[in-house]
Amino acid sequence: MSEKFYITTPIYYPSDKLHIGHTYCTVATDVMARYKRLRGCDVMFLTGTDEHGQKIEDKAKEAGVSPKEFVDNIVEGPRGVKDLWKLMNISNDRFIRTTDDYHVSAIQKIFRKMYENGDIYKGVYKGKYCKPCESFWTESQLVDGKCPDCGREVQDAEEEAYFFRLSKYAGRIQDLLENTDFLEPRSRVHEMVNNFIKPGLEDLCVSRTSFTWGIPVDFDPGHVVYVWVDALSNYITALGFDNDRYDDFEKYWPADVHFVGKEIVRFHSIIWPAMLMSLGLPLPKKVFGHGWLLLDGGKMSKSKGNVVDPYILAEMFGVDALRFFLLRTFPFGSDGNFSNELLIQTINTDLANDLGNLLSRTTAMTEKYFGGRLPDGCRSCAAPESFDAELTGVVSALPERYASAMESYAMHKALDEVFKVIQRANKYIDENAPWALAKDMEANGARLAHVLYNLLETARICGVLLSPFMPESCGKLFDQIGAGDSLRTWDSAVFGSMPEGLKVSKGENLFPRIDMEKGLAELEAAEAAAKKAALPDVEFEPQLTENVDFDTFCKSDFRVVKVKDCQPVKKSNKLLRFTLDDGTGTDRQILSGIAMWYKPEELIGKTLVAIVNLPARKMMGLESNGMLLSAIHTEKGEEKLNLIMLSDSIPAGAKLC
């Protein structure tokens with residue numbers, strides 16, 4: 001192959017915490033980009049962030065920062081989008097932010113072009129709007145009165161707006177979907193046609209006036225461009241369309257494939273091609289709508305509290321193991337049920353038991369029996385066994401089977417083909433029993449060397465094909481078997497290409513087996529620690545909004561009290577019993593539930609504040625006459641309490657006013 005290949009992942013909307021679902025799509029896109037580079041393609045891999053919209057404006061306001069500061073922190077800040085893609089070894093060639101100046105000016109030109117050719121007109125929008133999805137819906141499209149994509153509440157919206165004549169392109173879009181392979185999997189086609197086109201494709205609201213965080217319509221500044229028009233156009237602006245930042249549009253467009261989650265297939269398979277038709281531009285060759293990673297039966301979502309942190313998983317189990325798991329376990333076009341147990345099980349079965357076992361045993365035996373270097377002549381065997389031909393046959397056929405699966409975006413099937421060969425190689429070890437052959441090296445040395453060569457060559461070719469999925473681990477695999485750069489290429493994945501005499505060394509165990517119970521416990525502890533660390537440093541109870549009149553306030557009698565004695569209350573983990581001097585000459589007893597914050601002995605002699613005219617009440621059989629004043633707040637998820645303490649120079653009984 002030498003053709004160009006342009007692949008994109010959806011630009012991430014930086015308003016929620018990153019979770020493993022976001023990582024899934026980007027890792028899949030990265031694997032496909034690496035595979036195409038392995039095949040010799042000139043690849044452009046684009047990702048980025050979609051940074052405009054009402055939701056971001058609202059969240060920035062809640063955080064007390066400007067929208068630009070808000071998105072800058074999520075994109076560029078610690079453990080932000082760019083940090084995560086770096087951690088996950090994402091090899092994107094270009095990263096676009098929709099706040100980039102060149103993109104902003106290009107969107108204004110694109111909007112104007114569609115307006116000038118009659119496809120955008122001014123009107124009034126009245127309908128339903130889902131703020132989290134930035135989506136407009138008709139009443140008939142709602143499911144149980146809620147957004148059909150995310151299931152959240154929608155709000156009534158009415159405002160002056162510009163509309164895109166989406167209905168004009170309904171017939172062409174339906175023909176594109178039904179009579180080409182533009183959209184895959186095929187099940188997505190039926191959803192789009194039956195749910196959106198056949199009921200009547202309505203014109204699309206493409207500007208907003210109710211908020212300001214967006215790209216202004218340059219000929220009508222009170223309007224900002226609808227976020228999806230802004231976001232979808234990144235696929236061409238990032239190549240230089242209508243801007244001078246880049247000059248790759250003619251080279252790479254149309255895109256070979258947009259990888260997108262199924263929840264945004266509608267935008268990519270209906271709205272996006274209609275926009276391109278309006279602009280007179282070629283359409284992408286394919287949109288592939290992958291499924292969701294599900295947790296406890298539902299889509300991962302911060303709002304549902306079921307986010308799985310990719311940082312924690314990568315740090316505990318390794319980046320390559322996580323990348324592998326995501327694409328080995330779930331068919332890319334379907335939903336997949338994620339669980340930590342399944343992750344550990346997959347690592348143990350495929351990586352530790354199968355691949356790790358093959359590499360570890362083969363390199364160890366090569367070192368033990370031949371000092372790490374197989375003798376000349378090991379590629380051939382004077383008396384081959386039938387299982388030699390069986391192994392070399394399945395390895396030789398592997399690249400073609402693997403490529404067929406990868407070209408159809410069935411990455412799980414490609415991995416399945418590789419691991420069938422790895423499992424066959426492990427069986428080959430048992431069939432040949434190298435440890436038995438080694439007992440008589442004079443008679444069996446040549447046979448043993450041939451067996452080990454076949455195993456090393458199998459591991460090498462499997463490593464070539466696994467390298468898009470696990471680039472770092474496969475690099476270590478090649479190092480252990482002595483395979484240099486020329487033996488890590490697609491063209492070298494031909495059985496027998498590895499020369500004799502390479503230096504083999506048994507290095508570290510690439511995929512150590514994980515104890516399921518211990519691993520789950522450590523993961524639970526790490527997730528709990530991360531949640532606590534993510535909590536605000538200090539939280540306060542919200543202030544009451546109901547007013548209290550001055551006369552009512554004055555009825556509370558606040559007095560200075562001195563602690564004469566303090567004892568724990570028997571059979572109570574919370575209560576302390578205070579004996580107080582309140583200035584009347586008669587001791588006052590107050591019970592307070594503060595035992596978890598104070599030891600009784602450290603309070604004796606302190607000067608406190610109490611409300612002394614509250615009705616007496618019984619607690620644990622003891623009478624409490626009043627209430628001690630304290631301040632309470634939450635710090636990193638833990639409730640903290642501090643008694644209000646005054647200067648000891650203030651006499652007992654003094655009234656606070």
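Which residue stands opposite Ile-96 in E3? Gly-48 does.

## Model and confidence

This is a predicted model, in which local features need pLDDT of at least 70, side-chain atom pairs count only at pLDDT 80 or more, and totals for chains, interfaces and linings use all residues. Residues are numbered from 1 along each chain as its sequence is written, and side-chain values use heavy atoms, with hydrogens and water left out.

The average pLDDT (the predictor's confidence in each residue, from 0 to 100) is 91. A score of at least 70 is reached by 95% of the residues. Residues 300-307 stay under 50. For that stretch the model has 22 contacts (heavy atoms within 4.5 Å) beyond four places in sequence. Where pLDDT is low, the predicted coordinates should not be read in detail.

## Strands E2 and E3

Strands here are DSSP runs of E, at least two residues, and helices are runs of H or I, at least four residues; both are numbered from the N terminus. E2 covers residues 42-49 and runs parallel to E3. Four bridges join them; two strands pair if DSSP finds at least two bridges between them.

E3 spans residues 94-97, and both its faces are covered. Arg-94 and Ile-96 lie on one side, Phe-95 and Arg-97 on the other.

## Helix H11

H11 takes in residues 265-279.

H11 bends by about 30° at Ile-271. That bend is the angle between axes fitted to the seven residues ending there and the seven starting there. Pro-273 follows within four residues. Just after the helix, Gly-280 has a positive phi of about 70°.

## Nonpolar cores

A nonpolar core is a set of buried Ala, Val, Leu, Ile, Met, Phe, Trp, Tyr and Cys residues joined through side-chain atoms within 4.5 Å. The largest one has 190 residues. Those touching the most other members include Phe-164, Trp-253 and Met-411. Helix H18 (residues 441-466) gives this core its largest share, 13 residues. A second, separate core of 16 residues includes Tyr-598 and Leu-641.

Leaving aside residues up to four places away in sequence, Trp-253 touches Tyr-6, Trp-272 and Pro-284, among others.

## Glu-417

Glu-417 sits in helix H16 (residues 411-432). Its relative accessible area is 18%, so Glu-417 is buried. Beyond four places in sequence, Glu-417 touches Leu-398 and Arg-401.

Technical notes
Buried < 20%, exposed > 50% of the residue type's maximum accessible area, 1.4 Å probe, protein only. Expected span 1.5 Å × (residues − 1).
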